[in-house]
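Dear colleague,

Please find the structure below, followed by a short account of what was found in it.

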Amino acid sequence: MSQLSERPEKPAVGLPLPHESAALHVTGAALYTDDLVHRTKDVLHAHPVQVMKARGRITALRTGPALAVPGVVRVLTGADVPGVNDAGMKHDEPLFPDEVQFHGHAVAWVLGETLEAARLGAAAVEVELDEQPSVITLEEAIAAGSFHGARPEMLTGDVEAGFADSAHVFTGEFRFSDQEHFYLETHAALAHVDEAEQVFVQSSTQHPSETQEIVAHVLGLHSHEVTVQCLRMGGGFGGKEMQPHGFAAVAALGAKLTGRPVRLRLNRTQDLTMSGKRHGFHAEWKIGFDAEGRIQALDATLTADGGWSLDLSEPVVARALCHIDNTYWIPNAHVRGRIAKTNKVSNTAFRGFGGPQGMLVIEDIMGRCAPLLGLDPRELRERNFYRPGHSTPYGQQVRQPERISAVWEEVKENARLADREREIAAFNAAHPHTKRALAITGVKFGISFNLTAFNQGGALVLIYKDGSVLINHGGTEMGQGLHTKMLQVAATSLGIPLHKVRLAPTRTDKVPNSSATAASAGADLNGAAVKNACEQLRERLLQVAATRLGANASDVRIVEGVARVVGGDRELAWDDLVRTAYFQRVQLSAAGFYRTEGLHWDPKSFRGSPFKYFSHGAAAAEVEVDGFTGAYRIRRVDIVHDVGDSLSPMIDIGQVEGGFVQGAGWLTLEDMRWDTGDGPARGRLLTQAASTYKLPSFSEMPEEFNVTLLKNATEEGAVYGSKAVGEPPLMLAFSVREALRQAAAAFGPAGACVELASPATPEAVYWAVESARRGGSHGVSGTPADASVLSNV
């Protein structure tokens, strides 16, 4: 076992602990960015000047009327920017734009003594616009050829030969929806400038180092003149990886110009209309199967709705291409990706980061094609699983293909799949107007950033003279339990009780150049960095203990806060050991670092090994559908998920449950609507609140929900043998969508191919039921190689 994955005696990792801030969360004592306003004197409040048109060039911006409003202190415009007027890393996101690019685009910000004064001031600003034609939908963008950014292509094998060898060839299209993050805490920042002109920004950000970089270049400063801190976030889900930078820069600019602290917090409507979503996608595909239902070839084009600027759209599309295979071996593939430029908010990272979109395409294909092949969908999926020796279409070997089958078979056993399928068949036969179905789907998700440089983490660990320990690391806490895991890692590495360790807020002046807490890599990168720092300190302390105990350092162990000689009775308490080290002038602080080894990626050829490992999971979901309304309920869900050797089982099970429910929301409930008409409100987001945007709630939870972590699953080369958990469980929700498809099909004749919209709202399910009753969908065309009759079915 590798040094990184090996666990010592009596480790703190692996214990089922509650979240380190759980008591603060439930009592309301946990502080978030905007709570700090009440502890700050003379704060000014920022409010956006939004233009409610989809696109147009600004011909006049008059701020005088706003300054006449009582309580307004200043109006920030592009003329006030001392550095670079841009909030993005691609330099395509002007902070104060000359052109409006989406409905609700902020073109200026008003600072007021109160939020109400700032709001009234923003309403008084006069903006004249030369309106221009806008592109709102993906379909409009494709028709107009409106694209931006890279157009990656993934090619493996001989696609033409693969189709020639196929017994069955099918083609189709699929359009599926975007998704709103809807974190509990909206975007927020609080900035002030000290007497040395140092800028300090409290920001609800998943990427403090990049927020620091953007704030610095907007203000024309160097990074060492800007400090960004993230205390905690009330949810992020990827929406706070890139999007907070501009808001933090506005607050910092206001503080720099006025000399007073500036608070910026979006209300819910502003957050919904001004910040990016999960990318909606359009897919065109052609797939070939042999006579036994094994995939021979895939040709596909994936188009992402990037919105008005690039943001993270390029890596999102790259990851979508890397995950279109999911758990299936595709020997011959040609997949193209492109980014549509639309006049909507700039879409951004969202839990899974393109992986769900790519995987949804292949799972939809499998669900639609199984009836046409005369196969049970479960059987079709099993026949196409990766086997030993197989590689992905981009050239990375699948090292643990046996885990795909392991989680799958364990779910089948836990869910009593065979027995329940018989029960469901009997139920359906007896109930003509209500149908049930049970579907099982799997997940293979790559862990690491596609951009190799991001796969690094840092930490700073301090031991004080009284034996207490303070750890700093580059990861941010958004409720996912990262800090809890880092406390466990530190206590394990040092061999001390958990109560000895405290964690400091994430700050750029403690750990520089940190990567975003994203890509499910937070625990891998920061955990390994914390472990590295603690091991440096432990080695120094072992030398001290060895001298005191009269032994060799290699024979000393620190366990549960006591240093002991192996096989002897001599011991030294941790506090005494630390005090001794101090008086011997032994350094009691250490900077830790970790870089993920073994990664290489060529984005031009679209080949390499971009992922450290794959996380695996499987879920079986049972649903019941009302044939009159399309309403449905999730009766039971069984999940087996691979997290390696869990660092913190309670945290990991919570992440699996939460990820699954969020995925089910995207696939079945969350229906974003935009005004696509030609009227004055064209481009307006119609679902601007929880009253019009349906989120998962207790009523959508499975009536029976069973989550099991795969046992004996040590991951070599990862911190204490663990695996990432944040994103992969979201895609386990494909099982719900496929169960709904199969339940809808049960209303029609056997073998009916049913198309199902995404999200599969009750309305969409109703139309799928109606289609099944008419004999099945006509959205998939099939042409078998032997030219037998299988066209337009």
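In which loop is Ser 520 found? Ser 520 is found in the loop between strand E20 (506–507) and helix H15 (522–549); helices (H or I, at least four residues) and strands (E, at least two) are DSSP runs, numbered from the N terminus. Please note that this is a predicted model, in which local features need pLDDT of at least 70 and side-chain atom pairs count only at pLDDT 80 or more, while totals for chains, interfaces and linings use all residues. Residues are numbered from 1 along each chain as its sequence is written, and side-chain values use heavy atoms, with hydrogens and water left out.

Surroundings of Ser 520

With a relative accessible area of 14%, Ser 520 is buried (buried means under 20% relative accessible area, exposed over 50%, partly exposed in between, with a 1.4 Å probe and protein chains only). Residues up to four places away in sequence aside, Ser 520 touches Phe 445, Ile 447, Ala 724, Gly 726, Glu 727 and Pro 728, where contact means heavy atoms within 4.5 Å. Pro 728 stands 208 residues from Ser 520 along the chain, yet their C-alpha atoms are separated by 8.2 Å. The side chains of Ser 520 and Glu 727 make a polar contact of 2.7 Å (a pair of N or O atoms within 3.5 Å; within protein, one must be able to donate a hydrogen and the other to accept it, and residues adjacent in sequence count only if both atoms are side-chain atoms).

Arg 403, in helix H12 (residues 401–414), is buried at a relative accessible area of 9%. Beyond its neighbours within four places in sequence, Arg 403 is in contact with His 616, Asp 642, Leu 710, Ala 713, Thr 714, Glu 715 and Lys 723.

In helix H16 (residues 574–583), the buried residues are Trp 574, Leu 577, Val 578, Thr 580 and Ala 581. These residues are on the same side of H16 because they cover an arc of only 160° around the axis, the arc being that of the directions from the helix axis to the C-beta atoms.

Backbone features

Most residues other than glycine have a negative phi, and most peptide bonds are trans. Just after H16, Arg 585 takes a positive phi of about 60°. Tyr 720, which is not a glycine, has a positive phi of about 50°; Tyr 720 lies in the loop between strand E29 (704–709) and H18 and is buried, with a relative accessible area of 2%. Asp 42 also has a positive phi, near 60°. Asp 42 belongs to the loop between helix H1 (22–27) and strand E1 (44–51) and is partly exposed, at 45%. Ser 758 and Pro 759 are joined by a cis peptide bond with omega about 15°, and Pro 759 lies in the loop between helix H18 (734–745) and helix H19 (762–773).

Largest cavity

The largest cavity is lined by 20 residues, of which Ala 87, Glu 93, Phe 247, Met 274 and Trp 308 lie nearest its centre. On a 1 Å grid over the protein atoms alone, a cavity is a set of points where a 1.4 Å probe fits but cannot get out, and lining residues have an atom within 4 Å of a point. Helix H7 gives the most to this lining, with 4 residues.

Yours sincerely

Conventions:
On a 1 Å grid over the protein atoms alone, a cavity is a set of points where a 1.4 Å probe fits but cannot get out, and a pocket is an open set with protein on both sides within 12 Å along at least five of seven lines; lining residues have an atom within 4 Å of a point.
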